[in-house]
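Please keep the sequence and the structure in view while reading.

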Amino acid sequence: MSYNPSSDSVKKLSVPQSSPDVAFKTKFVARLGSSSPRPSQGQHGPTHRALLIPEVVARIGHFIPLYSTYLSSAAFPRLTPKQLLRCTRVCRLWFHVLTPLLWAVVDDSVARMIPMQAIQRNAYRIRSLYRLHNFGWPSYVACTKLTHLTTSSWIVGVDELIRQNPSLERLEWCSKAPHTDISVRVLSAIQQSMGRLRELKLVECTLKLKDLLMILRSMPVLRRLEFEQTTIQSSRDLYTEMFHSAQLNFPNIRHVSLGRGFSECEGLFEILAFCPRLERLDLDSGTTNCDGRLTRKLSAQSTETLATILSRSCPRLRAIEYWTPLESSIQRIHLLSGDQYTSLVKAIHTTPVSEPRTSPKSMAPSRVNNACSSMNGIRKSPVETSGIEPTSATPVSFKADLLELDMSMTVALMDLCHTLETISLRIHVYECQPWRRHEASRWNFKNISCILSACQGLQTFELDFLAFSKADGGFSDTSTASVLTANQGALMLFEDSWRCQGLKRLSISGLHRTFHVNYHSNSWERTEVPQIQYAPIRMKELLQVAETPDLSEIQDEPRSG
Amino acid sequence: MTITLTSLDNVEFKVDKDVAERSILIKNMIDDIGETDAPIPLPNVSSAVLTKVIEYCEHHRHDPPQVQDESDDPRKRSNDIEEWDMKFMQVDQEMLFEIILAANYLDIKPLLDVGCKTVANIIKGKTPEEIRKVFNIVNDFTPEEEAQIKKENEWAEDR
């Protein structure tokens with residue numbers, strides 16, 4: 001096939017004439033003279049047109065490994081630019097397209113491996129800079145086209161670095177030491193230069209609420225705000241009162257993430273009161289904080305405070321995620337109780353959204369559309385739902401790590417029956433003698449059956465059991481009888497007719513798996529039993545339109561322990 | 001619902017709607033025009049290539065929508081190819097690049113990525129001259145330019 005650059009099948013990524021790469025090439029040729037390029041030797045036919053398209057070459061270059069975990073770790077991979085550099089020497093097109101890939105992301109480990117002159121020469125190509133140390137870096141690096149900057153107060157001249165990058169879209173700021181204030185110079189640089197910032201993350205900082213609000217005011221297009229191990233001092237001083245009385249809010253913030261250590265700082269919750277269009281809230285409990293001690297579990301009172309703020313201030317909230325690492329699950333450290341989950345879910349209702357409020361103080365009781373409490377999961381982000389009837393509201397997914405699915409939680413989920421599209425549950429059972437595990441699972445299955453018989457729009461249902469027992473407890477019963485008991489419990493899922501005619505995916509796992517935990521070393525081993533195969537149940541017979549489910553059938557699981 | 005696609009050489013292919021909509025181009029066409037029995041012309045894709053593309057889309061019809069992942073950070077990028085995709089891509093070089101072009105035109109990003117990963121794996125371990133030889137690429141550098149580039153990047157030779 002002949003190459004026709006005007007053909008619709010060819011999507012060309014043109015290199016702007018003003019780009020530094022073109023300028024570099026022009027300067028390069030002028031310096032060395034105007035020799036004609038020599039033809040390649042050993043050529044046996046025309047080059048395929050795909051390899052003449054910059055967009056395609058760039059995508060191929062995207063997959064040429066630049067880092068390797070061989071002889072290093074996944075967290076700190078080793079830079080291996082050799083292959084990509086060889087590709088830049090193939091021809092001029094490949095040089096111009098692939099060279100920027102080499103320099104797109106630069107971090108501290110890279111800086112130690114590259115000569116300083118090379119860094120300075122290519123600084124204008126860097127787009128994402130992760131610089132937390134000074135070692136290995138030139139004293140001055142002319143990065144002026146950054147879109148992402150992760151840096152800290154350790155960096156000499158960091159305020160100047162921020163000022164010379166007004167096009168930054170994401171800034172991650174780490175304090176010099178835990179709970180250290182951001183310096184005045186840096187605060188000033190951030191306020192003056194971050195007009196285009198869309199994502200801000202603060203790590204190990206201590207800020208007064210008024211300072212944070214002033215920073216946020218200088219970021220009119222900010223959409224995502226993250227905190228990790230950060231303390232907000234919510235003193236009611238004059239400036240804070242001014243912000244409250246001025247009915248200040250940040251209407252573009254859609255996503256707030258409260259990371260490790262959030263449970264110990266209720267000042268962070270106050271930020272939510274200034275985010276009337278918040279759509280997603282992530283709560284990441286973490287396991288330990290920066291000084292190595294265990295983070296505190298979110299208390300019942302804090303949960304109520306949070307739920308109240310969300311109810312009053314965030315009418316468009318669509319998703320709440322509560323993250324708990326597996327290490328925490330084993331130690332049972334951060335799992336919320338059913339009441340706490342229910343409290344968060346009840347902060348959200350499946351009624352039409354009223355007009356967004358303009359100030360935190362004038363909030364009517366919140367009426368938002370969707371909710372989910374999630375564990376390591378991504379739920380869908382619905383479209384705007386103002387004025388839409390509940391039955392046509394955008395779908396909702398609910399994902400959670402639970403100790404049990406009790407009646408309160410079951411009813412809260414059934415309240416979402418018009419919009420729930422995805423349910424993904426992981427139910428944790430501890431110190432499981434097999435009979436106890438299987439007995440506990442039966443109650444959960446019964447309540448899940450009630451939910452499935454109510455949720456007509458459900459498309460995905462996933463259920464996983466995490467069973468933990470002591471490594472030396474001798475609880476690894478793998479008898480056929482045990483397996484049969486577990487399977488019989490699972491069959492309770494199918495006792496009631498389901499309403500979800502559009503169900504596409506059904507996954508049930510973990511019935512025959514146990515994590516045998518050594519609590520001293522915090523390690524675990526997993527055992528599984530080959531599953532007994534049953535004849536497939538004809539799903540269509542189950543998916544019949546049912547009457548309104550009888551709530552009296554919902555049962556509370558007897559508490560284990 | 002069935003969608004009819006017509007290739008460059010006027011061969012018609014009837015595919016299910018959810019298979020066809022793995023192509024964002026086709027999906028947008030259907031959204032704009034509405035569901036219709038009229039065939040959708042694909043004048044830039046031959047029947048041989050379209051057969052392969054449809055085979056891929058049918059195999060991956062139930063895949064969840066691809067989300068933006070961390071692949072933009074080269075430190076976290078994965079070059080893994082599924083076993084089925086690897087066998088699917090065991091074709092001659094001409095077909096490989098035609099599939100890449102078709103995936104690019106039809107906006108089927110997962111297929112484009114699989115094709116590009118396959119090419120990247122071919123490139124792995126080769127010198128510039130070997131890469132030129134495999135893909136019939138003309139070296140349009142002057143000797144001075146080549147020497148300059150090599151000199152500026154010699155720090156990476158042993159990495």
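The model is a predicted one, and 47% of the 159 residues of chain B count as buried.

**Architecture of chain B**
- Eight helices and three strands make up the secondary structure of chain B, and read from the N terminus these elements follow the order β-β-α-α-β-α-α-α-α-α-α.
- When contacts in chain B between residues at least 6 apart in sequence are considered, 64% of them link residues at least 24 apart.

**Helix α3 of chain B**
- Helix α3(B), residues 47–59, contains 13 residues and spans 18 Å from its first C-alpha to its last, which is close to the 18 Å expected at 1.5 Å a residue.
- Its buried residues are S47(B), V49(B), L50(B), K52(B), V53(B), I54(B), Y56(B) and C57(B), and these pack against the strands β1 and β2 and the helices α1, α4, α5 and α6 of chain B.

**Nonpolar cores**
- The largest nonpolar core holds 126 residues, of which W94(A), L200(A), L278(A) and L281(A) touch the most other members; the element that gives the most to this core is helix α5 of chain B, residues 93–106, with 10 residues.
- Apart from this core lies another of 29 residues, which includes L402(A), L413(A), I427(A) and C455(A).
- Leaving aside residues up to four places away in sequence, L278(A) touches I253(A), R254(A), H255(A), V256(A), L272(A), L310(A), C314(A), R316(A) and L317(A).

Notes:
Residues are numbered from 1 along each chain as its sequence is written. Chains are lettered from A and ligands numbered from 1 in the order in which they are written. This is a predicted model: local features need pLDDT of at least 70, side-chain atom pairs count only at pLDDT 80 or more; totals for chains, interfaces and linings use all residues. Side-chain values use heavy atoms; hydrogens and water are left out. A nonpolar core is a set of buried Ala, Val, Leu, Ile, Met, Phe, Trp, Tyr and Cys residues joined through side-chain atoms within 4.5 Å. Buried means under 20% relative accessible area, exposed over 50%, partly exposed in between (1.4 Å probe, protein chains only). Helices (H or I, at least four residues) and strands (E, at least two) are DSSP runs, numbered from the N terminus. Contact means heavy atoms within 4.5 Å. The expected span of a helix is 1.5 Å times one less than its number of residues.
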